[in-house]
Amino acid sequence: MMRLDQVSRDFEVGDQIVHALDRIDLEIQAGEYISVMGPSGSGKSTLLNLLGLLDRPTSGRYWLNNEDVSHFSDNELADQRQRNIGFIFQSFHLIPRLNALENVELPLVLAGVAIKERRDRARAVLDSVGLSTRMNHRPDQLSGGERQRVAIGRAIVMRPGVLLADEPTGNLDSKSGAEVVEIIEQLNRNGISLLVVTHDPEIGGRAQRHLVMHDGKIVGDMGTRSK
Amino acid sequence: MRANDTSRLALQSISRYPLRTSMLLLAIAIGVAAVILLTAVGEGARRYVTGEFAALGTHLLVVLPGKTETAGAGAAGMLIGATARDLTLDDAAAILRSNRIRQVAPVVVGSGNASWRQRQREITVLGTTYEMLDIQHWSMQRGRFLPQIDMNISAPVCVMGDGVSREFFDNANPLGEWLRIGDTRCRVIGVLAQAGVTGPFDTDELVILPVASAQALFNTAGVFRILIEAVSRESMQAARRDIIEIVKRRHQGEEDITVVTQDAVLSTFDSIFGMITAALAGIAAISLIVAGILIMNVMLVAVSQRTQEIGLLKALGAKRQQILLLFLTEAVYLCFLGTLLGLALGSLGTYLLRSLFPAINFGAPAWAIFAAIGIAISSGLVFGILPASRAARLDPVQSLAGR
């Protein structure tokens with residue numbers, strides 16, 4: 001469902017060009033559970049941003065669900081993100097002045113869904129991540145693990161096909177981290193493709209397929225390909 | 001995104017920084033209130049002056065000798081042409097023949113030295129007829145006004161203004177006393193009620209004689225002006241034509257007079273004050289522009305503080321137009337709420353002015369209120385565009401990283 005074809009992403013830093021991604025070829029099937037590891041600067045986050053349509057390749061093609069999205073306009077990319085992609089960030093990125101329920105329903109608000117339907121859907125999602133009693137709390141009233149669970153809820157409320165997680169347990173203690181990993185793995189078992197960027201080998205090791213990156217290239221691609 | 005959601009999110013953002021928001025609201029409120037108060041003052045002055053003027057009677061015309069165009073530059077109403085012939089009492093009597101004219105009062109004015117027993121002072125002598133009392137809406141404090149006699153007949157009687165009466169007689173009754181003016185004498189038959197300055201006369205400093213007596217005193221055959229009251233407001237233009245026609249025929253076909261209708265003077269005043277009020281509004285509007293620049297500044301800062309939030313919204317699929325609309329809505333809301341506050345402050349200020357000066361009807365004209373609202377909201381739109389479009393164009397990756 002996601003295919004990268006000789007994709008490069010170059011950045012200008014001063015008067016030098018940095019090859020954050022260097023002619024990557026990658027194919028990901030629906031429902032895969034993939035971890036992406038590698039040292040800092042290897043290009044893991046850039047790969048995630050590109051797959052998540054937050055960024056465009058400098059060269060090469062990106063096929064998402066058999067559509068060439070490499071040259072989509074900003075609005076078309078936004079549309080794709082809204083419908084197909086869910087993000088989970090290391091620092092959660094919840095909006096502090098909104099409570100848990102309002103944070104989760106944010107994608108539905110942006111999509112223009114009516115108030116009753118979006119409230120119901122958001123509640124159901126918060127239920128599924130075990131936060132039914134914390135819906136009206138604001139982020140500063142929630143623990144780290146609870147905040148990340150709200151973020152997961154927000155990421156899946158539009159029922160995307162793929163979940164992209166950038167160091168999801170980076171700001172969490174081991175117990176909360178384990179809970180979060182369990183939740184996203186359950187989502188994957190229910191059919192959502194899952195990509196986790198991490199520097200923690202314990203978390204990375206749990207995936208079915210391990211990608212290792214170095215200097216913008218994929219230097220390792222091990223594990224089973226499908227469920 | 002639905003309209004009420006955009007509105008709700010915008011209001012939530014604004015209320016997040018109460019101090020900053022209050023400062024902005026205050027800036028706009030001051031601008032709007034300034035427009036309202038300044039135009040209320042200008043409009044109040046206009047209403048007062050034109051009202052006072054109108055109270056004199058809107059059927060008034062004044063005939064002056066000489067045509068102002070041939071008389072050279074100068075203030076309207078005071079100039080006499082170089083080659084004009086005199087206006088005479090017979091001219092005044094002839095004008096009465098028009099059936100559009102109710103009454104006339106010829107006017108002779110000069111200064112003279114009045115004395116009674118040991119006291120003396122300079123006074124202004126006004127020679128006129130019985131009709132002047134009605135035309136000027138004066139009222140008597142003591143005694144009566146000039147007798148209703150043929151205008152060509154002189155009589156040794158006079159009416160004093162309140163100030164003159166007090167100067168010579170303190171608070172005693174002056175009726176029956178003989179006043180010496182120049183080399184004539186006249187018996188005081190009445191005192192005008194205190195009235196201050198009405199029209200061109202400082203009534204309290206006048207001594208009023210029958211016009212023929214004044215002509216004799218100043219040794220002149222002509223009259224300074226003729227005040228004329230038309231039958232009605234509607235007949236004024238026709239009355240004007242009649243006057244010009246009558247006097248022209250009497251002056252060998254020469255149109256050597258100027259007829260000033262009070263209407264013309266009134267409308268000149270009206271437009272002068274109108275322009276002053278508009279200028280005041282313009283000056284006050286500048287403060288609204290400044291408030292708009294303030295908003296732009298604050299919003300630019302806000303955008304740079306909220307880059308992560310904007311990046312997050314974009315990651316969730318918000319389009320550029322949605323982000324633009326969100327920030328623009330915030331700016332417009334700030335202006336709208338500030339305008340409401342300014343309207344309230346302006347109304348309060350106008351109310352205070354009215355209680356301090358009850359004689360003057362202060363009130364901002366409707367066009368000024370709408371202009372204030374319009375400028376405030378357009379300011380929000382215009383000055384909100386730059387920060388809003390900057391927010392919309394942010395790169396999602398950089399923004400999420402906080403850059």
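This is a predicted model: local features need pLDDT of at least 70, side-chain atom pairs count only at pLDDT 80 or more; totals for chains, interfaces and linings use all residues.

Q: Okay, and in which sense do E6(A) and strand E7 of chain A pair?
A: They run in the parallel sense, and the pairing covers four bridges. E7 spans residues 162–166 of chain A.

Q: What packs on the sheet there, touching E6 and E7 of chain A?
A: That's helix H6 of chain A, residues 144–156. Its direction makes about 170° with that of E6(A).

Q: How many strands does that open sheet have, and in what order?
A: Six, in the order E6-E7-E8-E3-E9-E10 of chain A, and the pairing is mixed.

Q: Which strands stand at the edges?
A: Strand E6 (85–88) and E10 of chain A. Each has a single partner strand, so one side of each is left without a neighbour in the sheet. On average, neighbouring strands of this sheet are turned by 20° against each other, direction ignored.

Q: What holds strands together in general?
A: Strands of a sheet pair through backbone hydrogen bonds, either parallel or antiparallel.

Q: Got it. What about the open sheet of four strands, what's its order?
A: It goes E2-E1-E4-E5 in chain A, with antiparallel pairing. The edge strands are E2 (16–28) and E5 (67–68) of chain A, and each of them pairs on one side only.

Q: How many bridges link strand E1 of chain A and E2(A)?
A: Nine, in the antiparallel sense; E1 covers residues 2–13 of chain A. For a residue to look at, A:Arg3 stands opposite A:Glu27 in E2(A).

Q: Switching topic: how many residues of chain A are in contact with chain B?
A: 18 residues of chain A, in contact with 19 residues of chain B. The largest share of chain A's side, six residues, comes from H2(A). That side divides into eight nonpolar, five polar and five charged residues.

Q: Now chain B. Is B:Met23 buried or exposed, and why?
A: Exposed, because B:Met23 has 12 other C-beta atoms within 10 Å, and a residue counts as exposed at 12 or fewer. B:Met23 lies in helix H2 of chain B, residues 18–55. Its C-alpha atom is separated by 9.9 Å from that of B:Ile295, 272 residues apart along the chain.

Q: Last one: what's the mean pLDDT of chain A?
A: It's 91, and 98% of the residues of chain A reach 70 or more.

Key. Residues are numbered from 1 along each chain as its sequence is written. Chains are lettered from A and ligands numbered from 1 in the order in which they are written. Two residues are in contact if their C-beta atoms, placed from the backbone, lie within 7 Å. Helices (H or I, at least four residues) and strands (E, at least two) are DSSP runs, numbered from the N terminus. Ala, Val, Leu, Ile, Met, Phe, Trp, Tyr, Cys and Pro count as nonpolar, Asp, Glu, Lys and Arg as charged, and the others, Gly among them, as polar. pLDDT is the predictor's confidence in each residue, from 0 to 100. A residue is buried if 20 or more other C-beta atoms lie within 10 Å of its own, exposed if 12 or fewer, and partly exposed in between; C-beta atoms are placed from the backbone. Two strands pair if DSSP finds at least two bridges between them. Axes are lines fitted to C-alpha atoms, for helices over the stretch in contact, and angles run from 0 to 180 degrees between N-to-C directions.
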